[in-house]
Amino acid sequence: MHVRGWVAGAWPTRRSRAFDIALALTLATFDSIFLWFADQMFWLPPPVVSVCSAVLGLALVVRRLHPVGLTVFMVVFGTITGAGVFAALVILYSLAAYTTSRRTVVVLAVTAYVAGLAFPSPTSNTESFLAQSIFGIAFVAVPVLLGLYMGARKQLIASLQERTARLEREQHLLAERARGEERTRIAREMHDVVANRISVMVVHAGALKAIAVRDPARAAETASVIGDMGRQALEELRHVIGVLRQGENALPQEAVTLAHVRELVDQSGAAGLRVDLMIRGEERPMPVAVGRTVYRLVQEALTNVHKHAGAADTRVDLGLLPEAIEVEIANEPSTAPPEHRLPSGGNGLVGLRERVTALGGSFDAGPRKGGYAVRARIPLPAS
């Protein structure tokens, strides 16, 4: 396991491992043959220099994992033995490409340059010091600069890949959040369409059962109300499904008027709930989003009265102000428990608060004088 971890750290891919091994074998062979047949350029005999060059070339297998140590070995071992020519170039390149500290790269590159000048070959007396200096600068600077460029390029590519991965993660989180918000919106719409409508229909059905024998005319009227409410529920459900299929803006939305609110109050009154509607201010068309929110406020509040307060007296107060619309639905204490056991999901008021706050309004709901009150203030958009 330790050897496998070392291999993974030295070579990120199989291709890089095969390349480094092939490079080491090639340079070890090439340098050893080249220096075997070279003139007497070093203090040691050519066979010894050739063997030392092979050792230095084979050491290139660790150029990615230990570039600093390999460079120190090259400076000390190569300077003393005169080993390595092309392997030294690759080592200097690897130092600059795979070392994160630029100061270390500069220090070792300068050290290699000074060592080459301080320990010249036996034939260096035929060259001027200026020529040796210029050749040493070219010998060291070219691979180091190339390695710095490739190292910077690799870091740039790695940073871009990391940034791309981070953006993908952020897009995934945004998509998850959008899906969550969409699920919440769909659940709210389905609650408004199904729970509220069907709850009132259940109340009407109970009343129909009670009066079917003694008051056939009123029973027929109640059955007609149930049919109308069922058709309205289907129409709203069809609209919700159409939005899911085609998008929010694909289907026209009918503007809610005060006539719709009056109809809603009349339906609750027909179900046996005593409701008084009070409208203050000048009646005028409401924006689509504001009108639908006002409608849902009255609908949800009256449904909760049916569920929890039975036949308690209820007041719906609408204040049509120039800058906002104020809504209050309050019921008196219940005189008798509700006859219909309607389930409560507990999300209706939460959905109302989300609707109102999304329009920049304020929402409050809670007990009041033994009953319950729902209040909201919805600002009107500037004309």
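Arg179 is partly exposed at 39% relative accessibility, where buried means under 20% relative accessible area, exposed over 50%, and partly exposed in between (1.4 Å probe, protein chains only). Its partner in a salt bridge (a side-chain nitrogen of Lys or Arg within 4 Å of a carboxyl oxygen of Asp or Glu) is Glu176, partly exposed with a relative accessible area of 34%. About one helical turn separates Glu176 and Arg179, because they lie 3 residues apart in helix α7 (residues 129–211). Helices (H or I, at least four residues) and strands (E, at least two) are DSSP runs, numbered from the N terminus.

The model is predicted: local features need pLDDT of at least 70 and side-chain atom pairs count only at pLDDT 80 or more, while totals for chains, interfaces and linings use all residues. Residues are numbered from 1 along each chain as its sequence is written, and side-chain values use heavy atoms, with hydrogens and water left out.

Over the whole structure, the search finds 13 salt bridges, including those tabulated here.

| Salt bridge | N to O distance |
|---|---|
| Glu176 and Arg179 | 2.5 Å |
| Arg63 and Asp20 | 3.0 Å |
| Glu328 and Arg368 | 3.1 Å |

Glu328 is buried, at 15% relative accessible area, whereas Arg368 is partly exposed at 27%.

Arg63 and Asp20 are both buried.

A network of salt bridges links Arg280, Asp317, Glu323, Glu326 and Arg377.
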